[in-house]
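This briefing is intended for a reader who wishes to review a single protein chain before computational work. Please consult the sequence and structure shown below alongside the text.

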Amino acid sequence: MDLQIRIGPVVQGSQRVSLSGRLDTNSYDSLDAQLAPVLAGDIESLVLDLAGLSYISSAGIRSILKARKAMAGRQGKVLVVNPQPQIQKVFDVVKAVPMGDIFASVEEADAYLDAMQRKVLRGDEEDEG
């Protein structure tokens with residue numbers, strides 16, 4: 001499933017962007033392009049609703065971190081809401097240990113993230129090792 005991006009209106013300084021589908025090497029540039037005018041605005045917070053997001057790769061994580069960095073530069077925040085369990089697991093892994101310290105290449109990181117998300121979807125996420 002391709003990435004679907006829905007940008008809501010600004011409400012009290014916050015803008016909600018809903019994502020569904022896959023955020024990966026084939027779609028991250030679309031997200032970056034659609035977020036650019038949002039991030040250039042004067043919002044105080046960006047809410048990324050990931051309820052419909054089924055997959056995220058390192059390229060997708062980079063897009064979210066890029067938005068976070070842009071918002072932090074002006075004391076704004078990026079809030080991520082409603083991640084699916086496999087997406088939450090990716091964020092947990094990335095938060096715990098920087099990816100550059102673990103993987104020799106982006107391809108290796110993506111392969112790991114892909115396998116890990118499949119494990120979560122099958123319900124055997126506790127068997128990591």
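The model is predicted. The chain contains 4 helices and 4 strands, arranged along the sequence in the order β-β-α-β-α-β-α-α. Of its 129 residues, 41% are buried.

**Overall make-up**

- Contacts between residues at least 6 apart in sequence are joined in 73% of cases by residues at least 24 apart.

**Strand pairing**

- Strand β1, spanning residues 4-11, pairs with strand β2, spanning residues 14-23, in the antiparallel sense over 6 bridges.
- Within this pairing, I7 has V17 in β2 as its bridge partner.
- The two strands β1 and β2 form a hairpin with 2 residues between them, and Q12 in the turn has a positive phi of about 50°.
- Strand β2 also pairs with strand β3, which covers residues 45-56, in this case in the parallel sense and over 9 bridges.
- The bridge partner of Q15 in β3 is L46.
- In a regular strand, side chains alternate between the two faces of the sheet.

**L39 in helix α1**

- L39 lies in helix α1, which comprises residues 28-40.
- L39 counts as buried because its relative accessibility is 15%, under the 20% cut-off.
- Leaving aside neighbours within four places in sequence, L39 is in contact with L46, A67, A70, M71 and R74.
- L46, one of these contacts of L39, is also the residue in β3 that bridges to Q15.
- Although L39 and A70 are 31 residues apart along the chain, their C-alpha atoms are separated by 6.9 Å.

**The largest pocket**

- The largest pocket has a volume of about 360 Å³.
- Its lining consists of 13 residues, of which L65, R68, V80, F91 and K95 are the closest to the pocket centre.
- Two or more lining residues come from each of α2 (58-72), β4 (77-81) and α3 (85-96).
- Helix α3 gives the largest share of the lining of this pocket, with 5 residues.
- By class, the lining of the largest pocket comprises 9 nonpolar, 1 polar and 3 charged residues.

Technical notes
Residues are numbered from 1 along each chain as its sequence is written. This is a predicted model: local features need pLDDT of at least 70, side-chain atom pairs count only at pLDDT 80 or more; totals for chains, interfaces and linings use all residues. Side-chain values use heavy atoms; hydrogens and water are left out. On a 1 Å grid over the protein atoms alone, a cavity is a set of points where a 1.4 Å probe fits but cannot get out, and a pocket is an open set with protein on both sides within 12 Å along at least five of seven lines; lining residues have an atom within 4 Å of a point. Grid points are joined across faces, edges and corners, and a volume is the space filled by probe spheres set on the points. Ala, Val, Leu, Ile, Met, Phe, Trp, Tyr, Cys and Pro count as nonpolar, Asp, Glu, Lys and Arg as charged, and the others, Gly among them, as polar. Buried means under 20% relative accessible area, exposed over 50%, partly exposed in between (1.4 Å probe, protein chains only). Contact means heavy atoms within 4.5 Å. Two strands pair if DSSP finds at least two bridges between them.
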